[in-house]
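My notes follow the order in which I looked things up.

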Amino acid sequence: MSAIQNRYEFVFLFDVANGNPNGDPDNGNMPRIETQTQLGLVSDVCLKRKVRNYVDLVKGGEPPFAIYMQERAILNNQHKKGYEALGIEPAPKKLPKKEAEARDLTRWMCTNYFDIRTFGAVMTTDVNAGQVRGPIQMTFAQSIDPIVPQEISITRSSVTNERDAEKERTMGRKFIVPYGLYRSHGFVSASLAGDATKGTGFSEDDLELFFNALVDMFDHDRSAARGEMNACRLIIFKHASALGNARAQSLFELVKVSLKPDVKLPRHFSDYIVTIDRDNLPAGVDLIERL
Amino acid sequence: MPYGVKLLVSGPRACFTRPEMKAERVSYDTLTPSAARGILEAIHWKPAIRWVIDRIHVLQPIRFQSIRRNEVGSKAPAGRIKTAMNRGSLEDLALLVDEDRQQRASTVLVDVAYVIEAHFELTARAGADDTEGKHLEMFNRRAERGQCFHQPCLGTREFAADFRLISDGEPLPKAIAETRDLGFMLWDIDHSRPDRPSLFFRAMLENGVIAVPQPGSLEIRR
């Protein structure tokens, strides 16, 4: 599968209702907030984690879609079978130069692991080729309007330790965002996929899988903490060339998300209007709406 | 500077990590020359040229914010990759992130904008058809159209940089009215030496502008 030939940017909108999209370890797991603006944040790594989990779920962790950065819940040993079935022959050539060897290792990792091909990875070698920059770069997602996290006290009617038995119940805390619509920006740099020496070989199929992951990943990430999270819109800008045909920021500015004039307190995605200024789409850029 | 370029870069957040505080990252007060070089290289670079940063204009007040994230503690070990490759199986070649957790805080800059003034020099690897005009033209064309080899970032990749070329004759945006000593700042990494030592310089913010010493000048300390 050959590497992608086009640069892309995307605007990804997702929302949360009565849940905590991304806890802040500095703040006792309260939802992340930008203190000056009160806008909610979701880190890039949080979203990438969900993409990895989705791909692992869909592809069963088998090469060429294995996931290097795994959560413990995933069973490692399943890999072997699939790998043997595929019969990919490794090519450990005895190369005299260390750099060439490192490049071979890197290439092999890119070929087998989806997350390394997509997001990159740092591998220990003393040559530069051991570090891969993946074509996909994501930024922090930020909420459209300020969020107001709420602390909910909950009780549990059983206790953990016998010595607490007379207490009958224990109290716990949960943080929720009643509602928040988040906007995230992403970049796909084709050059980092297709470059002769540094390219990771990230293909059209991989890209398709990545966009599917964005659309569907929240449906496979249900938990008590998350509440209801949902992908709302995925708007993709496809450039005609690998280097791109327009400034990324100018494309992001074409997508405007605003609260409906009669709504004071957003509680649903339908309280927002998403407008795309199609008339000002620069030449050589295609707009693709996946959601 | 006959082959100078001016590029406006901005973004909601940035982290130009101080080398002495890199476990729990603390950003320098401003864009560093090496990060500025990285941004220019993301737009256009060939082995035939070397970017040299002349001045950095700081356009927004310097403000910080702290972000703590779950990170992993180790890199992929080359030895194990090699074994797995020879064996032809991916078994046990994965990193269990919850077992190798490190929670690290980053002190990052918020709401930044800079003007990078730079020029390039031809290197020993320049061929006969590598003229200064050609590379300048390529850079300007790309920057003007918003093209780039990969999306440039403000220190780390999660903080993407928006960039805009400031064309010849266009007035420069106003820098902040601030003069202060920023202390020793990373100038760049010396990639030509085997252990890649860091090079530093004494950064002075004068009316919002940092004059960056030229390569080989005595102001650059090892």
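Which residues do ring pairs link into a cluster? I looked in chain A and found A:Tyr8, A:Phe10, A:Phe119, A:Phe210 and A:Phe211 joined in this way.

**Entry: confidence**

I looked up the scores next. The ipTM is 0.88 and the pTM is 0.89. For chain B I read an average pLDDT of 92. In that chain, 99% of the residues score at least 70. I keep one caution in mind: where pLDDT is low, predicted coordinates should not be read in detail.

**Entry: aromatic pairs**

I counted rings whose centres lie within 6.5 Å of each other. By this rule there are 16 aromatic pairs over all chains. I went through two of them.

I began with A:Phe14 and A:Phe218. Their ring centres are 5.3 Å apart, and their planes make an angle of 40 degrees. Where do the two residues sit in the chain? I found A:Phe14 in strand S1 (residues 8-19) of chain A. A:Phe218 lies in the loop between helix H6 (204-216) and strand S13 (228-239) of chain A. The pair thus links distant parts of the chain, 204 residues apart. Are A:Phe14 and A:Phe218 buried or exposed? Both are buried.

Then I turned to B:Trp51 and B:Phe120. This pair is edge-to-face, with 5.4 Å from centre to centre and 80 degrees between the planes. I traced B:Trp51 to strand S2 (residues 49-58) of chain B and B:Phe120 to strand S6 (residues 101-122) of chain B. Here, too, distant parts of the chain are linked, 69 residues apart. I checked burial again: B:Trp51 is buried, and B:Phe120 is buried as well.

**Entry: a charge over a ring**

What lies over the face of A:Phe65? I found A:Lys59 there, at 4.4 Å from the ring centre.

**Entry: helices**

I looked at helix H3 (residues 98-112) of chain A against helix H2 (residues 78-87) of chain B. They pack with their axes 10 Å apart, at an angle of about 70 degrees. H3(A) and H2(B) are therefore roughly perpendicular to each other. I recorded the crossing of H3(A) past H2(B) as left-handed.

How many residues of helix H1 (residues 33-43) of chain B are buried? I get 9 of its 11, so I call H1(B) mostly covered. Among the buried residues are B:Pro33, B:Arg37, B:Leu40 and B:Ile43.

Definitions and conventions:
Residues numbered from 1 in each chain as written. Chains lettered and ligands numbered in written order. Predicted model: local features only at pLDDT ≥ 70, side-chain atom pairs only at ≥ 80, totals over all residues. Heavy atoms only, no water. pLDDT = per-residue confidence, 0-100. Phe/Tyr/Trp six-rings, centres within 6.5 Å; stacked < 30°, edge-to-face > 60°. Helix = DSSP H or I, 4+ residues; strand = E, 2+ residues; numbered from the N terminus. Buried < 20%, exposed > 50% of the residue type's maximum accessible area, 1.4 Å probe, protein only. Lys NZ or Arg CZ within 6 Å of the ring centre and 35° of its normal. Axes fitted to C-alpha atoms, helices over the stretch in contact; angles between N-to-C directions. Parallel < 35°, antiparallel > 145°, perpendicular 65-115°, else oblique. Left-handed = near helix turned anticlockwise from the far one by under 90°.
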